[in-house]
Amino acid sequence: MHTHRVSTAPTQPAGTEVYLDFFSDLRPWRHWTLRVDGSIATLLMYVQPDGGIFDGAELKLNSYDMGVELEFADAVRRIRFEHPEVGCVVIGSGYEGVFCAGANIRALAAATHAHKVNLCKFTNETRLELEEASAGSGLRFLAAVGGACSGGGYELALATDHILLVDDRNTAVSLPEVPLLGVLPGTGGLTRLTDKRHVRRDRADVFATRAEGLRGGVALEWGLVDELAPRTSFDEAVNARAAALTEHSRAAGAFVSDEPAMLEPLDISPTPDGSVIGEFVAMAPDRDRACAEVLISASAHPRWPLRAARELDALLCHLRFNEPELGTVVLLTDGSHASVTAHDRALREPANHAERETALLWRRTLSRLDLTARTLIAAVEPGSCFAGVLAEVALAADRTYLLDGEFVDERPDDAVGMAVRALRGPQSADAVLPTLAMTEISLGSMPMANGLTRLQSRLWGDDAAIAAARDTVGSALDAQAAAEAGLATATPDDLDWDDDLRLAVEERAAFSPDALTAMEANHRFCGPETMATKIFGRLSAWQNWIFIRPNATGPDGALTRYGTGTRPSYATTRV
């Protein structure tokens with residue numbers, strides 16, 4: 001059985017840090033059970049109280065920590081890929097009388113500040129994946145709330161397509177974080193109340209400050225749930241609603257001859273120095289400069305799109321949770337443009353189940369890259385392959401450096417250098433030419449959280465520049481052409497290349513990480529605001545701040561006093 005390795009991080013005294021393994025197979029799941037009956041899958045939350053990743057944090061009442069969340073994300077993704085016949089997923093509880101009590105408060109109290117924030121981000125991204133699966137591939141989700149549903153449990157229900165609540169005059173839905181814990185609902189609850197479910201703001205105010213929540217008829221009237229069913233016929237109502245949702249799901253319009261896409265184990269283990277070497281993605285830390293070099297190697301092999309997306313997604317999560325001090329990520333690619341553009345059609349116009357879900361996974365992975373609190377620097381060097389979907393990686397960067405000219409590729413004998421040589425193989429005739437090549441993928445297939453393409457976000461407000469850049473689609477742009485199109489931040493020649501990159505990384509390491517995170521988030525997500533940008537921009541930023549305030553985490557704060565029988569003591573100033 002998979003276990004989450006635990007280690008104390010002495011540099012973060014505010015809590016206990018844990019090592020989370022994002023590369024190993026999580027099955028068999030400890031906290032979830034899955035049953036598939038034809039076109040309906042039932043995913044039951046059955047959290048084992050003694051199965052938490054923090055010592056002393058008992059996971060009662062289906063409360064969750066990151067271990068539970070990792071399994072849930074894995075289960076959802078496996079249903080998406082490995083069960084094309086499924087049109088509706090019923091999310092319920094394996095316990096009588098309780099749906100989910102939300103994030104475990106003792107686990108939160110035990111965690112470092114960084115872990116608290118990253119838990120919120122990860123759960124938000126997983127909830128967004130449910131909604132993206134519904135919108136993008138037609139997989140419907142039904143929350144079968146047959147018992148108490150509070151905090152993050154109700155936020156999980158809010159991310160589904162339909163909430164069916166047992167009407168037994170006792171079961172309520174609630175968001176008790178503000179009145180009981182002195183923090184915000186951390187998984188998009190406030191935003192989804194108003195933006196998704198269109199609950200009146202005055203009613204949302206009442207609901208979010210009423211610790212006991214609302215039951216039955218009132219919850220239905222206010223739009224907090226979609227349907228009620230008495231306990232005596234609750235199972236029948238769940239089955240009927242799941243069947244109805246399936247009629248308008250991916251199962252009803254399935255691709256001809258759909259085959260499951262099995263998610264094979266990644267089988268990646270970080271080396272003792274922290275390097276990560278996958279089949280198509282590699283990472284080497286440079287701890288002296290507080291940075292990591294990440295290499296994505298392109299391949300024309302049919303398995304590349306799915307495998308590379310999974311490896312990159314896992315690596316981004318690994319960096320967030322396990323390498324918080326590597327503040328800058330230098331993004332490198334390798335291979336021929338043709339090797340990655342060979343997958344363009346499948347990623348833009350999927351012709352079968354596996355291609356559709358893989359395209360949506362790339363969209364989610366690139367979004368996770370956008371939302372990662374790291375400085376992103378793309379380095380377009382000889383042998384690089386920033387083309388097709390990998391051009392989106394360059395466009396996601398805060399800065400893009402493109403070599404003006406050529407030089408002999410003499411990578412050092414570090415982990416990334418060795419990975420480049422091992423993965424590159426025979427060179428094509430044009431492999432040394434450093435160019436950037438957008439394809440039609442960059443015109444809308446992989447939008448950001450703000451609903452814009454990365455090209456639009458980079459050139460926001462300059463419609464003429466956006467139009468001119470769009471006209472370069474299909475062309476391999478050298479340094480001068482990329483600079484003219486607004487796609488290159490700097491174009492050093494071979495004499496200045498190493499120094500310019502080194503200075504950029506060292507400068508970043510000298511700045512406040514907190515200020516950089518805020519600055520980068522503001523610059524990356526320009527233009528319109530969406531539900532996703534509100535969740536990550538407003539909610540996460542405020543929660544980040546609240547988590548370090550004494551009213552929440554101080555000795556007399558609500559999180560510290562929770563469960564002790566002693567009321568918190570608040571500083572009354574409004575800031």
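Me: Where is P28 found, and how are the strands defined there?
Reply: P28 is found in the segment before β1 (32–37); helices (H or I, at least four residues) and strands (E, at least two) are DSSP runs, numbered from the N terminus. This is a predicted model, in which local features need pLDDT of at least 70, side-chain atom pairs count only at pLDDT 80 or more, and totals for chains, interfaces and linings use all residues. Residues are numbered from 1 along each chain as its sequence is written, and side-chain values use heavy atoms, with hydrogens and water left out.

Me: What makes the peptide bond that joins R27 and P28 cis?
Reply: Omega of the bond is about 0°.

Me: Why is L61 called exposed?
Reply: Its relative accessible area is 57%, and exposed means over 50% (buried is under 20%, partly exposed in between; 1.4 Å probe, protein chains only); therefore L61 is exposed. L61 lies in the loop between β2 (40–45) and β3 (63–64).

Me: Why is α10 called roughly parallel to α13?
Reply: Helix α10 (residues 304–322) and helix α13 (residues 353–370) pack at an angle of about 25°, with their axes 9 Å apart. Axes are lines fitted to C-alpha atoms, for helices over the stretch in contact, and angles run from 0 to 180 degrees between N-to-C directions. Angles under 35 degrees count as roughly parallel, over 145 as roughly antiparallel, 65 to 115 as roughly perpendicular and the rest as oblique, so α10 is roughly parallel to α13.
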